Amino acid sequence: VTDDGPQACWIIDTPPLKLKEWMMEIEQGHKLGRLFDLDVQDAEGKTLHREHLGYELRKCLLCDNPAHACGRSRAHSLCELQEAIQEMVCEYVEGNKTIRETIYKAIKQSIIDGKLAVGERIVEKTFADAFRVSRTPVREALRRLETEGHVEYIPRTG
């Protein structure tokens, strides 16, 4: 941890320009990507900047100005930034709750409708693939269904 916060460094055997494009996809595409600064350095240790690759500078979380300009000038208070970050994180968490709820309702409805027969084995991966999610929200939905008595968990059955 530095004065700037937590940092990590990985050495990845990938062409730096391609890696930078992937990192920018995460920064721009993931709902929390704006909260991360994923830098890429080439073999000589030079940082690849998005503007040098023909991309726009990152925008501030609170306004349309370049993020570095707002950061250097302290255009926004720490409280304003924390509130914006908190809102982003809450929206992300709520979205994940919605996914868990959707999966829970779908499995429960399949049980009620008889699409899942009594005694039929429920495979987490099957539902995860169907919903295009990891197994975690499926597992959470199944645990909830278990507490309600709709399914039974039998350990070590594969």
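Author: Let's start with how helix α3 sits: its buried residues pack against α4 (124–131) and α5 (135–147). "Buried" is under 20% relative accessible area, "exposed" is over 50%, and "partly exposed" lies in between, using a 1.4 Å probe and protein chains only. Packing rests on contact, meaning heavy atoms within 4.5 Å.

Keep in mind that this is a predicted model, where local features need pLDDT of at least 70 and side-chain atom pairs count only at pLDDT 80 or more, while totals for chains, interfaces and linings use all residues. Residues are numbered from 1 along each chain as its sequence is written, and side-chain values use heavy atoms, leaving out hydrogens and water.

Back to α3, which covers residues 78–112. Its 35 residues reach 50 Å from first C-alpha to last, close to the 51 Å expected at 1.5 Å a residue; that expected span is 1.5 Å times one less than the number of residues. Who is buried along α3? The list is Ala 84, Met 88, Ile 103, Tyr 104, Ile 107 and Ser 110. Just past the end of α3 comes Gly 114, with a positive phi of about 80 degrees.

Now look across to α4, where Glu 124, Phe 127 and Ala 128 are buried. Looking down the α4 axis, those buried residues fall within an arc of 100 degrees, so they line one face of the helix.

One last thing to check is the cysteines. A disulfide is a covalent bond between the sulfur atoms of two cysteines, and here a pair counts if those sulfurs are within 2.5 Å. By that rule there are zero disulfides. Cys 79 is in none, as the nearest cysteine sulfur, on Cys 90, is 14 Å away. Cys 79 is partly exposed, with a relative accessible area of 45%.

Key
Helix = DSSP H or I, 4+ residues; strand = E, 2+ residues; numbered from the N terminus. Arc of directions from axis to C-beta.
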